[in-house]
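Please look through the structure below before reading my numbered points.

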Amino acid sequence: MVDTTSMCSSFKSCLKFCIISINIIILLAGGAALGVGIWIVIDEDSFFNTLYPHILDVSTIDKEFLRHAAIVLATGGAGTVFFALLGIAAAVTSSTCLLGLYITVITLVIAVEVAAVILGIVFKKAWERELDNELKENMKMKYGAPSDGFTAAMDQLQGKKMCCGWTNGSDYVMTGSQWNRTLEDGSLATIPDSCCKMVNASIVMPNCTTAPTSDNSYFNQGCKSSLYDLFVNYQACIIGFGAGIAGIEFLMLLLAIFLIANNDSNKYNMS
């Protein structure tokens, strides 16, 4: 005769082990995100100088943007830690109440992610226009402004991606631009040096800034298209990562449902 009690106990132990193991990994990831976010908020220079001294010059990053990104990272990390601790507690205690709360949280997270994907697809064009307008406004009001990290960040982007402006080099001749286009000889620059092709490591091609062409500059190559190409190159990785996260969430949802159902089944058998 099959010992159903022993089988149920083994199945329940397996469910609890899976939930706890996965949530421990999630807990470690969330704790790391929380710690990094707090570190950057407190002292971003120390973080980048310690971990990425030869990879990233933090002076080229807009400080306000960096701070907001760190706050988002820390908040997401804190939420992940709470989610993982809730899952571990629910599995260890086998509490129907905690398991129900855990299932509710996972369901809400999945619903928000699905809604975000749908909104991203539906309003893709509108968000692209908003991003275009925001970046063009920043180029008009921030590029060339004293002590603003946007200028250094834009120059670095243009130098690395061999592009010019957001849509193209004409972004630099907008009315009301804060960029001082007057050169030492009194002529007016059309584009900055970072848009120019180089003769060597330190010398730009002649007449590039005042009379840009496709031969001496990247005037027609906007950074928007370069970044879009970069996204396309890593699109499979991004989609795969997102699908992996969604798969883990769905697996955790199923495991929690099975565990709470097992609790109810045991109560029924005992009665």
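Is C237 buried or exposed? C237 is exposed, with a relative accessible area of 53%, where exposed means over 50%, buried under 20% and partly exposed in between (1.4 Å probe, protein chains only).

1. On the basis of the model: this is a predicted model, in which local features need pLDDT of at least 70 and side-chain atom pairs count only at pLDDT 80 or more, while totals for chains, interfaces and linings use all residues. Residues are numbered from 1 along each chain as its sequence is written, and side-chain values use heavy atoms, with hydrogens and water left out.

2. On the disulfides: taking a disulfide as a pair of cysteine sulfur atoms within 2.5 Å, the count comes to 3. With bonded cysteines counted along the chain, their pattern is 1-6, 2-3, 4-5.

3. On C163 and C223: these two cysteines are joined with an S to S distance of 2.0 Å, and the link is right-handed, with 85° about the S-S bond. Because C163 lies in the loop between α5 and α6 and C223 in helix α6, the pair ties together parts that are 60 residues apart in sequence. Helices here are DSSP runs (H or I, at least four residues), numbered from the N terminus.

4. On the other two pairs: the sulfur atoms of C164 and C195 are 2.2 Å apart, and both of these cysteines are buried. C196 and C208 form a disulfide with their sulfur atoms 1.9 Å apart, and the torsion about this S-S bond is about -105°, so the disulfide is left-handed.

5. On C18: the closest cysteine sulfur, in C14, is 4.3 Å from the sulfur of C18, which is too far for a bond. C18 is partly exposed, with a relative accessible area of 26%.

6. The buried residues of α5, which include F150 and M154, pack against α4 (124-141) and α6 (223-233), with contact meaning heavy atoms within 4.5 Å. After α5 comes M162, whose phi is positive, near 55°.

Methods
Helices (H or I, at least four residues) and strands (E, at least two) are DSSP runs, numbered from the N terminus.
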